[in-house]
Amino acid sequence: MQPTPDLPVVLALLALPFVAAAVTPLVHRLLGERTAYFAAVVALACFGLAASQYGTEGVVAVQWIPALDVSLSLYVDGLSLLVAFLASGVGVLVFTYSAGYMHGEPGLAKYYATLLAFMGSMLGVALAADLVALFVFWELTSIASFVLIGHYSSQDSALYAARKSMFVTVGGGLFMLVGFVLLANATGTFSIATMLDQPELVREALRSQGVLLPVVVLVGIGAAAKSAQVPLHIWLPDAMEAPTPVSAFLHSATMVKAGVYLVGRLRPVLVTDEWTLLFATLGLVTMTVAAVLAIAATDIKQLLAYSTASHLGLIVAGFGFASVLGAETGAFHILNHAMFKAPLFLVAGIVAHEAGTRKLSELGGLRRDLPITAAVTVVAALGMAGVPPFNGFYSKEFLFETTYEFAAHAGGLAWVVPAVAVLGSVFTFLYSVRFLMLFFGKKPSALGHVHRPPLTMLAPPVLLAFVAGAIGLNGLLASFHVGFAPITEFVARIVESTAAGGHGGHEFAYYVPTYVSPALAMSATTIALGLAAYPAYGRIHRALHTLFRAVPPIRADWWYDTAVGGLGGVSRGTARVVQTGRLRTYAAWTLAATASLALAGYAAVGATLPPLTYSLSIPLLLVLLTAVVAAAAVTVAPSHTTGVLTLSILGFMLAIFYILASAPDLALTQLVVETLVLVIFLLVLDRLPSYYGETRLSRKLRDAGLSLLVGATVTVTVLFATAGSDPATSLNPVSGIDTERIVELAVKEGGGTNVVNVILVDLRAFDTLGEIGVVAIAALSVVTLIAMRERGGEAE
């Protein structure tokens with residue numbers, strides 16, 4: 001039995017980045033550019049707090065609204081700690097790197113505050129123990145990344161990239177939210193921990209209610225949007241407009257990991273045949289397509305962006321398979337990918353910063369000018385390529401073994417699965433070697449001398465490459481039955497968190513195979529085909545460029561730009577119809593939309609009208625008949641004055657209704673307010689023309705239909721609102737308070753005989769204040785209309 005996490009420590013881990021972000025503007029006033037080191041210390045403290053919880057597992061919660069059973073629940077296990085370590089650990093290095101890279105840049109206070117807030121949001125995603133908290137922190141990451149991607153706000157390309165990332169990730173999050181609601185509705189809880197305790201019951205509940213497939217698809221859309229899976233990968237390459245430290249942090253170790261974290265977190269609950277079909281297919285397609293796009297890239301950061309999407313596809317594919325090998329693939333590659341991709345982004349920043357260009361065609365032979373950076377690239381790029389014994393090789397071996405076992409079991413067309421895995425890996429090998437060749441071969445004559453980076457920019461990628469190298473070395477040593485036990489133990493904890501029921505406690509191990517296996521043969525085939533195809537890399541690159549130019553619809557960006565452009569045209573057309581400058585038009589659209597939404601809401605929840613059992617006395621029938629005649633007379637009134645006087649009859653009839661209902665105080669209030677409003681209107685109408693003017697038949701029909709729609713909405717709403725249960729047995733569904741007892745106490749303590757009277761008398765000041773506010777707003781509106789008419793404006 002593992003110990004329970006320490007609540008104060010976990011809360012401090014979550015709160016510290018947000019507190020630091022709040023005080024960062026003040027810190028920047030004192031420290032200036034050295035604010036980077038302040039942020040690095042905060043990230044280091046978070047890493048220490050996360051490390052102190054290693055070995056613990058369980059839920060900790062702090063009550064927020066006890067009466068409503070609302071609390072902030074946090075969950076700690078291997079997977080959540082992995083993401084916490086990546087967010088805080090890589091954060092330390094990114095903040096340190098920023099001290100050199102962002103030297104002399106504007107907006108540093110905003111930059112560091114937003115980066116800290118993003119780190120806190122990512123920690124919240126990792127630690128959230130319920131779906132509501134997960135969604136809140138999920139959206140916070142999108143907001144923070146929007147600001148960071150658009151850091152250079154004076155550049156149109158940065159603003160375009162920020163809008164695109166927000167549109168895709170937030171849109172995907174809304175689909176995910178619907179999936180969360182369906183999941184919670186079927187299981188009766190938003191608690192992730194509760195679902196993980198009983199995954200079989202969750203799947204049975206979803207299947208019995210027919211929502212298993214919708215939940216899997218909706219969650220998949222959210223994860224695909226955040227982790228840049230095809231076809232929602234389009235935002236990630238454009239996001240490279242952000243400063244390189246942001247790219248290294250958000251797009252290798254944190255934000256894009258949120259999607260695969262979600263897949264891994266819900267995998268034990270939702271893994272079914274439907275799950276495997278969706279996520280295995282999605283991951284393998286993304287792995288291959290994004291790798292092809294990486295080969296077509298002309299910019300080093302763009303190449304790394306597409307490679308990120310490709311490797312995230314590998315993780316999603318691994319998590320898609322139901323076997324424990326699938327869990328090992330996804331869990332281990334989350335760690336490996338962060339360890340080789342983050343230093344590669346930092347290397348790209350060093351190259352761009354010191355060489356002054358990011359164009360692949362303008363770079364080469366940099367090893368003499370940047371020898372340490374070249375060594376880092378060798379370790380990271382060969383890990384990305386999946387070459388043994390570097391770290392990426394082992395998790396890719398797990399993928400090959402997983403796909404082979406799946407095909408061997410399913411047979412038939414299932415053999416396409418391992419074939420696609422090999423094909424995608426060949427392209428991965430090609431672009432990885434192309435990035436590595438930035439430091440080898442002949443140096444372009446136009447490049448000139450390249451300065452060496454400062455220590456603050458060099459130390460972070462070196463440390464990350466050291467960790468990646470240690471993971472790879474551990475696998476090599478494990479082949480000889482020696483190695484670093486903490487690495488395998490940590491990965492084993494992650495695998496336990498993502499494995500389906502019955503696989504808990506599985507012993508994890510990785511090593512360079514000493515015997516020929518199908519997976520090893522697939523790796524050897526990948527490397528052999530990659531080496532054979534690399535001499536033709538330039539021709540492949542040019543062919544892909546020619547294809548994309550010749551057939552624009554095969555580019556995902558074409559679909560995005562076309563769709564957004566179309567929506568812009570619809571918006572402009574809508575504005576011309578709605579924003580006419582006429583009050584009549586604004587009122588018509590507002591009332592129609594409100595009424596339509598209300599009626600649609602009633603229909604969506606399946607509300608039915610209560611039976612009408614009202615008995616009308618003769619006096620009440622006469623009052624109602626008079627009101628109906630007055631309402632009809634308003635529609636044919638020949639002038640403003642006649643219309644207002646006729647309309648006031650409705651108000652006076654309502655007062656008589658209150659008298660008949662034994663509510664004289666309400667009747668008196670109604671009479672006073674109606675009389676006051678009538679007098680004000682008559683005084684105002686003295687300044688307006690007495691004749692309405694001609695009105696088109698189409699407008700009359702529109703207004704008549706709108707009147708009927710609004711009237712029907714109000715009638716239905718009143719019927720629903722007054723159709724309560726028996727007050728004698730009514731209980732508050734949340735707190736269990738006896739509402740009948742409350743009414744009795746209110747009447748008794750208020751000294752009255754009618755609860756409505758007591759409320760009106762005891763709260764008369766608020767009631768009167770509200771009425772005064774309504775009259776004041778109406779008066780301001782009338783004054784505005786008169787002023788518009790006096791200036792010659794339209795006031796219809």
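Residues are numbered from 1 along each chain as its sequence is written, and side-chain values use heavy atoms, leaving out hydrogens and water. Because the model is predicted, local features need pLDDT of at least 70 and side-chain atom pairs count only at pLDDT 80 or more, while totals for chains, interfaces and linings use all residues.

Let us start with helix α6, residues 156–187. Helices here are DSSP runs of H or I with at least four residues, numbered from the N terminus. α6 has 32 residues and reaches 46 Å from its first C-alpha to its last, close to the 46 Å expected at 1.5 Å a residue; the expected span is 1.5 Å times one less than the number of residues. Just after α6 comes Gly 188, with a positive phi of about 80°.

How do two helices get compared? Two packed helices are described by the angle and the distance between their axes. Axes are lines fitted to C-alpha atoms, for helices over the stretch in contact, and angles run from 0 to 180 degrees between N-to-C directions. The axes of α6 and α8 (residues 199–208) come within 9 Å and cross at roughly 105°. That makes α6 roughly perpendicular to α8, a label for angles of 65 to 115 degrees. Leu 183, Ala 186 and Thr 187 of α6 make this contact with Val 202, Ala 205 and Leu 206 of α8, where contact means heavy atoms within 4.5 Å. These residues divide into 5 nonpolar, 1 polar and no charged. For the classes, Ala, Val, Leu, Ile, Met, Phe, Trp, Tyr, Cys and Pro count as nonpolar, Asp, Glu, Lys and Arg as charged, and the others, Gly among them, as polar.

α6 also meets α23, with axes that come within 13 Å and cross at roughly 90°; the two are therefore roughly perpendicular to each other. Here Tyr 160, Arg 163, Lys 164 and Phe 167 in α6 meet Asp 557, Tyr 560 and Asp 561 in α23. By class, this contact has 3 nonpolar, no polar and 4 charged residues.

Both helices turn up again around the second largest pocket, each supplying at least two residues of its lining. On a 1 Å grid over the protein atoms alone, a pocket is an open set of points with protein on both sides within 12 Å along at least five of seven lines, whereas a cavity is a set where a 1.4 Å probe fits but cannot get out; lining residues have an atom within 4 Å of a point. Grid points are joined across faces, edges and corners, and a volume is the space filled by probe spheres set on the points. The second largest pocket has a volume of about 990 Å³. Of its 38 lining residues, His 233, Ile 234, Tyr 306, Ala 556 and Asp 557 lie nearest its centre. α23 gives the largest share, 6 residues.

The largest cavity holds about 30 Å³ of space. Ala 385, Gly 386, Lys 396, Phe 400, Ser 523, Thr 526 and Ile 527 line the cavity, and α21 gives the most, with 3 residues.

Finally, look at the backbone. Most peptide bonds are trans. The bond from Val 230 to Pro 231 is cis, with omega near 5°, and Pro 231 sits in the loop between α9 and α10.

Note on methods:
Parallel < 35°, antiparallel > 145°, perpendicular 65-115°, else oblique.
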